[in-house]
Amino acid sequence: MKALSVCNIEKRYKAHRRTVTAVDGVSFEIDCGEIFGLLGMNGAGKSTAIGICTGLIKPDGGSVSVFGHDVATDTRAAKNLLNVSPQETAVAPMLSVRENLMFIASVYGADKVEAKERAENVAERLGLSDRLNDRAGKLSGGLKRRLSLGMALITEPKLVFLDEPTLGLDVVARRVLWQIIRDISDNTAVVLTTHYLEEAEALCDRIAVMTNGRITAVGTVDELKRRSGEDNFENAFLKLAGEEFVL
């Protein structure tokens with residue numbers, strides 16, 4: 001069974017008396033334990049596509065299923081299997097690391113004992129055990145990113161969406177988070193969006209390139225380079241994304 005099946009999804013918006021198509025017939029599938037990159041220039045439709053996949057945006061056409069559960073008709077079951085780590089770190093700065101984690105666990109139905117146990121397990125997994133009592137607002141950018149990721153993982157999702165997870169981090173903090181993402185994928189399917197192409201190249205099993213609401217190519221890094229005729233992945237991405245400027 002596929003972790004995520006996206007079939008011909010569409011989304012249109014009204015803007016300035018005209019219709020804008022944000023997502024136009026997008027289809028792809030993701031396997032269990034796969035890290036799948038969704039790449040594109042700003043405005044390509046990635047955020048809208050993710051919103052549809054997570055049930056936050058209602059599509060105008062097409063369907064999405066998470067481990068066989070239709071997001072539109074079996075919403076609760078589907079949403080119980082997924083979570084999102086947003087681009088902006090979604091932490092409460094006045095709460096401790098433990099309190100942030102326990103709060104999310106309780107929102108998803110865990111009692112106090114279970115929430116505490118889950119918080120400690122996730123903190124250990126992400127290297128935050130020695131920071132459990134620290135106020136989240138005092139953490140470094142890299143540790144806040146880890147905490148934000150932990151808040152997505154504490155619900156024990158089978159599918160997690162990571163939206164620009166290393167944005168603004170230094171090289172060392174990014175590499176630490178890369179390893180955490182690799183470890184996560186042992187048991188969880190991951191959808192990754194990033195503008196750091198070396199990050200996608202290092203982490204993703206397969207990558208989809210979006211342009212103007214459509215997927216123009218899907219494959220491994222090597223497959224995308226062969227398809228574009230480029231030896232460099234950055235150049236391959238630019239060509240597949242329809243950008244004329246290639247170094």
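Me: Is E164 buried or exposed?
Reply: Buried. This is a predicted model, and in it E164 has 4% relative accessibility. The cut-off for buried is under 20%.

Me: Where does E164 sit?
Reply: In the loop between β7 and α6, the helix of residues 171-184.

Me: What about the backbone of E164?
Reply: Phi is positive there, about 50 degrees, although E164 is not a glycine. E156 also has a positive phi, near 55 degrees, and is likewise a residue other than glycine.

Me: Which loop holds E156?
Reply: The loop between α5 and β7, and β7 is residues 159-163.

Me: And is E156 buried or exposed?
Reply: Exposed, at 53% relative accessibility. Exposed starts over 50%.

Me: Switching to cysteines. How many disulfides are there?
Reply: Zero, from a search of the whole structure.

Me: How far apart are the C-alpha atoms of C32 and C53?
Reply: They are separated by 16 Å. Along the chain, the two residues are 21 apart.

Me: Where is C32, and what does it touch?
Reply: C32 is in the loop between β2 and β3. Beyond its neighbours within four places in sequence, C32 contacts M1, A3, F67 and A189.

Me: How accessible are C32 and C53?
Reply: C32 is partly exposed, with a relative accessible area of 48%. C53 is buried, at 1%.

Me: Next, the sheet with β1 in it. What is the strand order?
Reply: β2-β1-β4-β5. That is an open sheet of four strands with antiparallel pairing.

Me: Which strands are at the edges?
Reply: β2 (18-30) and β5 (69-70). Each has a single partner strand, so one side of each has no neighbour in the sheet.

Me: How many bridges join β1 to β2?
Reply: Ten. β1 covers residues 4-15 and runs antiparallel to β2. One of the bridge pairs is I9 with V26 of β2.

Me: Which helix packs on that sheet?
Reply: Helix α1, residues 46-53. α1 touches β1, β2 and β4 (61-66), and its direction makes about 120 degrees with that of β1.

Me: What does β3 pair with?
Reply: One partner is β8 (residues 189-193), parallel, over three bridges. G37 has L192 of β8 as its bridge partner. β9 (residues 206-211) is also joined to β3, by five bridges, and these strands run parallel as well. There, L39 stands opposite V209.

Me: Last topic, α4. What is its span from first C-alpha to last?
Reply: 20 Å, close to the 20 Å expected at 1.5 Å a residue. α4 has 14 residues, 112-125.

Me: Which residues of α4 are buried?
Reply: A115, R118, A119, V122 and A123. They cover an arc of only 130 degrees around the axis, which puts them on the same side of α4.

Me: Why would that spacing line up?
Reply: An α-helix has 3.6 residues a turn, so residues three or four places apart point the same way.

Me: What do the buried residues of α4 pack against?
Reply: α3 (97-107) and α5 (141-153).

Me: And which exposed residues are on the face turned away?
Reply: V113 and E124.

Terms used:
Residues numbered from 1 in each chain as written. Predicted model: local features only at pLDDT ≥ 70, side-chain atom pairs only at ≥ 80, totals over all residues. Heavy atoms only, no water. Disulfide = S-S within 2.5 Å. Buried < 20%, exposed > 50% of the residue type's maximum accessible area, 1.4 Å probe, protein only. Pairing = 2+ DSSP bridges. Helix = DSSP H or I, 4+ residues; strand = E, 2+ residues; numbered from the N terminus. Contact = heavy atoms within 4.5 Å. Axes fitted to C-alpha atoms, helices over the stretch in contact; angles between N-to-C directions. Expected span 1.5 Å × (residues − 1). Arc of directions from axis to C-beta.
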